[in-house]
Amino acid sequence: MNRKTIKPFIFLSITLICILITGIHFTSDEKSLRESPAYILTEYNGKIAVFAGKKTSPHFIDEIEIKNLPEKDRQTLKNGIHVNSEEELYSLIEDFSS
């Protein structure tokens with residue numbers, strides 16, 4: 001190959017690599033947006049409840065009454081907190097109970 005053919009080849013190779021990397025990045029972001037969280041921590045009948053995935057009935061209802069929590073925490077729980085692991089779930093419940 002001479003210099004005139006090498007430059008376009010290098011440019012094309014770099015361009016294809018960039019397109020592949022960008023495509024992989026967007027694909028993984030789209031997948032994570034479609035996946036539902038493992039749990040949703042929210043208010044249910046005045047208490048903190050855990051919903052598993054997209055279920056409509058609680059998986060677990062804690063004894064913590066939200067009326068005893070600060071307003072910011074009550075609002076956050078009413079909006080629902082998406083949780084992706086049991087470890088994170090237990091940590092959040094512990095934070096609300098202290």
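This report describes the fold, the sheet and the surface of a predicted model.

## Overall fold

The chain has 98 residues. Its secondary structure comes to three helices and four strands. Along the sequence, these elements follow the pattern α-β-β-β-α-β-α.

## The sheet

The four strands form an open sheet in the order β3-β2-β1-β4. Pairing is antiparallel. β3 (60-65) and β4 (81-83) are the edge strands. Each has a single partner strand, so one side of each is left without a neighbour in the sheet. From one strand to the next, the twist averages 30°.

One pairing can be followed at the residue level. β2 covers residues 47-52 and pairs with β3 over three bridges, in the antiparallel sense. Within this part of the sheet, Lys47 stands opposite Glu65 in β3.

## The helix across the sheet

Which strands does helix α2 lie across? Helix α2, residues 71-79, lies across β1 (39-44), β2 and β4. Its direction is at about 120° to β1.

## Contacts and surface

Buried residues make up 21% of the chain. The accessible surface comes to about 7,700 Å². Carbon and sulfur atoms account for 58% of that surface.

Methods:
Residues are numbered from 1 along each chain as its sequence is written. This is a predicted model: local features need pLDDT of at least 70, side-chain atom pairs count only at pLDDT 80 or more; totals for chains, interfaces and linings use all residues. Side-chain values use heavy atoms; hydrogens and water are left out. Two strands pair if DSSP finds at least two bridges between them. Helices (H or I, at least four residues) and strands (E, at least two) are DSSP runs, numbered from the N terminus. Axes are lines fitted to C-alpha atoms, for helices over the stretch in contact, and angles run from 0 to 180 degrees between N-to-C directions. Contact means heavy atoms within 4.5 Å. Buried means under 20% relative accessible area, exposed over 50%, partly exposed in between (1.4 Å probe, protein chains only). Accessible areas come from the Shrake-Rupley method with a 1.4 Å probe; for residues, only the protein chains shown count as cover.
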